[in-house]
Amino acid sequence: MLRLQKLVKTYKTGDQALKAVDLEVPEGQVLALIGPSGAGKSTLIRCINRLVEPTSGKVWLGQTELTELASSALRRERRRMGMIFQEYALVERLTVMENVLSGRLGYVGFWRSFLRKFPQSDVDEAFRLLDRVGLAHMADKRADELSGGQRQRVGICRALIQNPALLLVDEPTASLDPKTSRQIMRLICELCKERGLAAIINIHDVALAQMFVQRVIGLRFGAVEFDGPPEALTPDVLTAIYGEEDWEATIAHVEDEDQAEVAE
Amino acid sequence: MNTSETELDTLLGKPWKKKPFVKRPWLRWLLIAGFCVYLVAAYMTIEINWMRVYEGLERGKQFVLAFTSPNFTSRSSDIYAGMLESIIMTVAASVVGIAISIPIALGAARNVAPLPIYLICRSIIAISRALQEIIVAILLVAIFGFGPLAGFFTLSFATIGFLSKLLAEDIESMDRVQAEAIKASGARWTQWINYGVQPQVMPRLIGLSMYRIDINFRESAILGLVGAGGIGATLNTAFDRYEYDTAAAILILIIVIVMALEYLSSIIRARVQ
């Protein structure tokens, strides 16, 4: 469903963030992108919806090639890619409802959005999503009144109301406590399953990634170093991705984790 | 641990001082001494005529004493008409100036506008800021004749330079990621500004606008001195006739209105945070 072909990004400073990355994500697959800071994870995600312009290479979303699109066609394609951000990236002075409805901006005209007169179906869907993540009663609160976990839930609603085919998720748990991190990851993965969405999740927490995803990609210096199921992440593989360290405490033993959760 | 043993030994037991901004001592002292010499020389060029000061003290005293008995009544119709004109000029010029400033501020923010538009908008701001209000007013009075129209255009023009520059700086320092999130949803440019940028800069815009209304009102009192209408014209006449009591009344009114505006703006700013 998503296919990257020799994707290259070289920044003006000469840093090569991505070196000819090839990647194919089938429909409905949730994959985790791991790798050290500066390996190009964020750049890779942003090159897909062109918040960062790739230097060369192709990105196919379904039948559409994205890197050649003019701005209005790109806007249309961006509607099919929901994005969830590190540090939530909610517009802090807007209300929760406005933040969620901002996910519909690609579908409504300027004046409608300016006057906050969204179609009834959008408003209904916003309430349904907020209810799904347990925040329906917060709709009229300002985003900066919410806690970290609540904000990220609003961020998830904003991405989902776009009715996307693909979720791009950039470090969703980076500023959350361990419990909230798990809840957020579980929520994202559940919602992907419910709606049959594919997702690329950038994540630092290897154990957390192993708990929830079906496939892991390891990125190092802008190139794919590992591509396989989460169980195949051995200390050797992690050393290849991150460099030498004692990995025994980092890798989750999947069964143990499940039990730990039940106990919780 | 990283520094070798001997290197560390040379550092221990010695006082630590911040490195001076100018490294070479002779240059540093030369700059300081040069500045002091210049300062003394500059002060010595200011001539003071003590006789004139002594004579002027009497007039100054009368002026100050006039504030104890301000005369609101004998020129009340002139004062009323002048105040009304000033307020109309202030409101009209602020609304027009702010309305024009917003698009120019967007154009003058490098993270929102492309380079050519950025350069054009920055030049407009530079021109508006380079020309002082009085100079613009003199020019516009020559074009439009005496009266509040010249004052209205002057204040609108000055508002653009002030507001666009400061608003553009606020736009440039906004949180990029919040705006990026709106862009990622497929919003068009206008929607991106409305949802991603505007909420972030709104408190600053309101605060600056209130401040500018304040400035415009005070300026409108000055512009009358060069014939551009408003309370300044009345004030000027009062001075020319040595009617210090009437002048005092006008100044007191100006002070009261400015303080009221200041109070109002503090309330509004507290509310929009």
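Me: Which order do the 4 strands of the open sheet in chain A follow, and is the pairing parallel or antiparallel?
Reply: In this predicted model, the order is S2-S1-S4-S5 in chain A, and the pairing is antiparallel.

Me: What makes S2 and S5 of chain A the edge strands?
Reply: Strand S2 (16–25) and strand S5 (64–65) of chain A each pair on one side only.

Me: Which strands make up the open sheet of 6 strands in chain A, and what kind of pairing is present?
Reply: The order is S6-S7-S8-S3-S9-S10, with mixed pairing. S6 and strand S10 (223–228) of chain A each have a single partner strand, so one side of each is left without a neighbour in the sheet. Neighbouring strands are turned by 20° against each other on average, direction ignored.

Me: What makes S6(A) and S7(A) a pair, and in which sense do they run?
Reply: At least two bridges are needed; S6(A) and strand S7 (residues 166–170) of chain A have 4, in the parallel sense. The bridge partner of A:Met81 in S7(A) is A:Leu166. On to the next strand, 5 bridges join S7(A) to strand S8 (residues 198–202) of chain A, and these two also run parallel. There A:Leu166 stands opposite A:Ala198 in S8(A).

Me: Which residues of S6(A) point one way and which the other way?
Reply: In a regular strand the side chains alternate between the two faces of the sheet. Within strand S6 (residues 81–84) of chain A, A:Met81 and A:Met83 point one way, whereas A:Gly82 and A:Ile84 point the other way; all are buried.

Me: Why is A:Ala89 called buried?
Reply: The term applies when 20 or more other C-beta atoms lie within 10 Å. A:Ala89 has 25 within 10 Å and is therefore buried. A:Ala89 lies in the loop between S6 and helix H3 (96–101) of chain A. The phi of A:Ala89 is near 55°, a positive value in a residue other than glycine.

Me: Why is A:Asn163 called partly exposed?
Reply: Partly exposed residues fall between the limits of 12 or fewer for exposed and 20 or more for buried. A:Asn163 has 15 C-beta neighbours inside 10 Å, so A:Asn163 belongs in between. Located in the loop between helix H6 (148–160) and S7 of chain A, A:Asn163 has a positive phi of about 55° although it is not a glycine.

Me: Why is H3(B) called oblique to H11(B)?
Reply: Helix H3 (residues 50–66) and helix H11 (residues 244–272) of chain B pack at an angle of about 55°, with their axes 8 Å apart. Roughly parallel needs an angle under 35 degrees and roughly perpendicular 65 to 115, so H3(B) is oblique to H11(B). The crossing is right-handed. B:Gln62, B:Phe63 and B:Ala66 of H3(B) make the contact with B:Tyr244, B:Asp245, B:Ala247 and B:Ala248 of H11(B). By class, this contact has 5 nonpolar, 1 polar and 1 charged residues.

Me: What makes H7(B) and H9(B) roughly antiparallel?
Reply: The axes of helix H7 (residues 148–172) and helix H9 (residues 189–223) of chain B cross at roughly 150° and come within 9 Å. The cut-off is over 145 degrees, so H7(B) and H9(B) are roughly antiparallel. Their crossing is right-handed. Residues that meet include B:Leu155 and B:Phe162 in H7(B) and B:Val201 and B:Leu208 in H9(B). By class, the contact has 11 nonpolar, 5 polar and 4 charged residues.

Me: How many residues of chain A are in contact with chain B?
Reply: 22 residues of chain A are in contact with 19 residues of chain B. Helix H2 (71–78) and helix H4 (110–114) of chain A are the elements that give two or more residues to the side of chain A that touches chain B. By class, that side has 9 nonpolar, 6 polar and 7 charged residues.

Note on methods
Residues are numbered from 1 along each chain as its sequence is written. Chains are lettered from A and ligands numbered from 1 in the order in which they are written. This is a predicted model: local features need pLDDT of at least 70, side-chain atom pairs count only at pLDDT 80 or more; totals for chains, interfaces and linings use all residues. Two residues are in contact if their C-beta atoms, placed from the backbone, lie within 7 Å. Ala, Val, Leu, Ile, Met, Phe, Trp, Tyr, Cys and Pro count as nonpolar, Asp, Glu, Lys and Arg as charged, and the others, Gly among them, as polar. Axes are lines fitted to C-alpha atoms, for helices over the stretch in contact, and angles run from 0 to 180 degrees between N-to-C directions. A crossing is left-handed if the near helix is turned anticlockwise from the far one by less than a right angle, and right-handed if clockwise.
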